[in-house]
Amino acid sequence: SRCYAAAGLGFINDPTVIKLLQESISQKDDAEVICCAALSLGNIGDVSSVPFLIAILNPVKGQELRKDNRIRVHAALALARISRGDIPPETRKSILDEIVKSAGDRESDVRAAAVIALGLMKSNESKDTLLALLKDSNGLVRGLAAISLVQAGVTDSDTSGTANTVDMHVCSTNSFNGTACAGTTYCSITGVLTGGSAQCVMDGRVPIPTAHGTVNAYVFLRD
């Protein structure tokens with residue numbers, strides 16, 4: 001299909017291919033084709049694609065290509081992928097600003113994609129946004145925000161050069177006493193951020209939950 005073709009082009013770093021993919025996401029094409037084209041542009045990582053991806057991530061009102069959140073989700077992930085390459089600092093800052101903006105979107109799947117993207121970008125500047133999203137109305141967004149905070153390696157005012165431990169706790173109730181869940185602890189994990197490298201070493205692994213119906217879960221991050 002055309003979507004698969006667009007996805008395959010993501011492995012060809014050629015100016016003609018890049019232009020073709022950029023044109024695909026600029027037109028009112030099939031949503032799946034736009035999504036595949038966006039991811040391909042992210043894989044190629046050419047900075048000239050950034051304005052095209054930003055335009056579909058946070059479109060001007062009335063200029064949306066399609067009212068399909070999948071397009072915006074894929075745009076956020078593609079921008080995060082590009083930001084991890086060798087690009088100018090001002091371009092990376094522009095990408096970060098746009099993803100932070102989408103993190104406040106009214107659609108929960110767009111917020112979730114933004115949270116994942118912020119984790120991939122590994123920027124300390126995303127700390128306030130991710131901390132705020134720990135209180136999001138959507139449980140998936142809250143959980144992803146906690147994971148992205150650890151993944152991004154955000155730091156606090158701890159002594160420079162020393163280990164910085166970050167704990168994530170998943171609790172049965174919306175109550176945390178500062179060190180542990182006030183109710184039942186479903187699972188917990190510890191990450192050690194070492195010096196200025198912001199490398200996270202996991203001391204534990206969140207276990208796979210047993211399916212037993214609908215439950216409430218609350219995520220707390222302790223730094």
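Asp-97 and Lys-93 share helix α6 (residues 89–102), where they stand four residues apart, about one turn of the helix; helices here are DSSP runs of H or I with at least four residues, numbered from the N terminus. The model is a predicted one, in which local features need pLDDT of at least 70 and side-chain atom pairs count only at pLDDT 80 or more, while totals for chains, interfaces and linings use all residues. Residues are numbered from 1 along each chain as its sequence is written, and side-chain values use heavy atoms, with hydrogens and water left out.

Asp-97 and Lys-93 form a salt bridge, a term that requires a side-chain nitrogen of Lys or Arg within 4 Å of a carboxyl oxygen of Asp or Glu.

| Salt bridge | Closest N and O atoms |
|---|---|
| Asp-97 with Lys-93 | 2.9 Å |
| Asp-68 with Arg-70 | 2.7 Å |
| Arg-70 with Glu-32 | 3.8 Å |

Arg-70 lies in helix α5 (residues 69–83) and Glu-32 in helix α3 (residues 31–44), so their pairing ties together parts that are 38 residues apart in sequence. Glu-32, Asp-68 and Arg-70 are linked in a network of salt bridges.

In helix α6, Asp-97 is partly exposed at 39%, and Lys-93 is partly exposed at 37%.

Notes: Helices (H or I, at least four residues) and strands (E, at least two) are DSSP runs, numbered from the N terminus. Buried means under 20% relative accessible area, exposed over 50%, partly exposed in between (1.4 Å probe, protein chains only).
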